[in-house]
Amino acid sequence: MDKMNELLKKYFRGETNLAEEKELKHYFLATQVKPEHEAYRPLFETFDQELNETVPIFQKKILSLQSNKKRFWIRTISFSGIAATLLLSLWLIRSQPTDDFAILRGKRIDNPEYAQHYAQNKLDKVNNVLLKSLKPMKSFEIARNGLKPVHKIAETKERMIDIKDKLQYK
Amino acid sequence: MDSIQFNSQILTLSDKLFRLAKSILRNEDTAQDAVQELHMKLWEKRTHLDDVENVPAFTMRAMRNLCLDTIRQQHNEDDLHPELEYIAPNPYQQSEQKDMVSLIRTMIDSLPELQRTIIRMRDVEGMELSEIAYITTLTENAVTVNLSRARQKIREKILIEQKRVEETIWIK
């Protein structure tokens, strides 16, 4: 008797093992079947098609695996984390020391030469102010020097008194 | 069981679980919901899964039990009989069911829950009788009997359908 007939009989009695069933599937799906077996081909095609069925839109289902409460906390923590990261990045960028620009009168100056020139002018001005402020001090010095002879008069007077006293004794 | 193990052992079974749920519930949307619900329940009890010897079989068994609970709830709510009766399609239905494959799906869906679950676990998923016995909480002999009955019923329906088609062609 034909091997496939025998296998089919066993199959419908529920007596085939997995290897025999695999052989039957191969026969019905991959080869030209005999006319008397043609009626059973859709059965094995059905099994084959059903095996390829997958969960539709599985990703969405995974996302909604957590309960609403858990999802709320996960989202809150995620968004807080993103916000904190952005703020930290912004702060680091702003606070990062750099020589590439200067703030002059509240304005950002990216031209280092201009900034240097501006600073030099400012320093010159400061220097001028200091020099002007020290001018009176020079006058004091001149006046002090001018008073030196006056101090000598007092010394001469003391010496004359001393000489006069010595002459009286004689 | 941590999230990596959960992903590799449970989530990878999703398609298989979906096919089982769809076979029992005979509704794609309800089957998706059932798979999702099972994932959630197993995730919540993932610490206990470390003690399970055969995680895939355990998961399939849990899926079937959850689906049966759903059917019981639907049965209570709608007062509908859970089993469908297979009726040969009329000419209008024949045009709807474009091929024999969809017709055979309907034939399998019309079987009692246990028989359609067993025939699909064996012939679609290629599972061992011992695994099917564990999932359905039957003995292997009982599984074989139910498998044989399911296959023979499908065979009869296929032959009736074939005869009907031949008669239709003959009349034309």
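Tutor: A residue is buried if 20 or more other C-beta atoms lie within 10 Å of its own. This is a predicted model, and the questions below apply that definition and others to it.

Student: What percentage of the 172 residues of chain B count as buried?

Tutor: The cut-off for a buried residue is 20 or more other C-beta atoms within 10 Å. Applied to the 172 residues of chain B, that criterion gives a buried share of 30%.

Student: Which pattern does chain B follow along the sequence?

Tutor: The secondary structure of chain B comes to 9 helices and 0 strands. Read along the sequence, the pattern is therefore written with helix symbols, as the elements are DSSP runs numbered from the N terminus. For chain B the pattern is α-α-α-α-α-α-α-α-α.

Student: Which residues of helix 8 of chain B are buried, and why do they line one face of the helix?

Tutor: Helix 8 of chain B covers residues 129-136. Seen down its axis, the buried residues fall within an arc of 125 degrees, so they line one face of the helix. Just after this helix, Thr137(B) takes a positive phi of about 55 degrees. The buried residues asked for are Leu129(B), Ile132(B) and Ile135(B).

Student: Within what arc do the buried residues of helix 6 of chain B fall?

Tutor: The buried residues of helix 6 of chain B are Leu103(B), Ile104(B), Met107(B) and Ile108(B). They line one face of the helix because, seen down the axis of helix 6 of chain B, they fall within an arc of 140 degrees.

Student: How many charged residues does the contact of helix 2 with helix 7 of chain B have?

Tutor: Helix 2 of chain B contributes Arg19(B), Leu20(B), Ser23(B) and Ile24(B), while helix 7 of chain B contributes Glu113(B), Arg116(B), Thr117(B) and Arg120(B). By class, this contact has 2 nonpolar and 2 polar residues, and the number of charged residues is 4.

Student: How are helix 2 and helix 3 of chain B placed relative to each other?

Tutor: Helix 2 and helix 3 of chain B pack with their axes 8 Å apart, at an angle of about 130 degrees. Helix 2 of chain B passes helix 3 of chain B in a right-handed crossing. The residues of their contact divide into 8 nonpolar, 3 polar and 2 charged. The two helices of chain B are therefore, relative to each other, oblique.

Student: Which helix of chain B gives the most to the side that touches chain A?

Tutor: The contact takes 29 residues from chain B and 23 residues from chain A. Helices 2, 3, 6, 7 and 9 of chain B each supply at least two residues of the side of chain B that touches chain A. With 10 residues, the one that gives the most is helix 9 of chain B.

Definitions and conventions
Residues are numbered from 1 along each chain as its sequence is written. Chains are lettered from A and ligands numbered from 1 in the order in which they are written. This is a predicted model: local features need pLDDT of at least 70, side-chain atom pairs count only at pLDDT 80 or more; totals for chains, interfaces and linings use all residues. Two residues are in contact if their C-beta atoms, placed from the backbone, lie within 7 Å. Helices (H or I, at least four residues) and strands (E, at least two) are DSSP runs, numbered from the N terminus. Ala, Val, Leu, Ile, Met, Phe, Trp, Tyr, Cys and Pro count as nonpolar, Asp, Glu, Lys and Arg as charged, and the others, Gly among them, as polar. A residue is buried if 20 or more other C-beta atoms lie within 10 Å of its own, exposed if 12 or fewer, and partly exposed in between; C-beta atoms are placed from the backbone. The arc is that of the directions from the helix axis to the C-beta atoms. Axes are lines fitted to C-alpha atoms, for helices over the stretch in contact, and angles run from 0 to 180 degrees between N-to-C directions. Angles under 35 degrees count as roughly parallel, over 145 as roughly antiparallel, 65 to 115 as roughly perpendicular and the rest as oblique. A crossing is left-handed if the near helix is turned anticlockwise from the far one by less than a right angle, and right-handed if clockwise.
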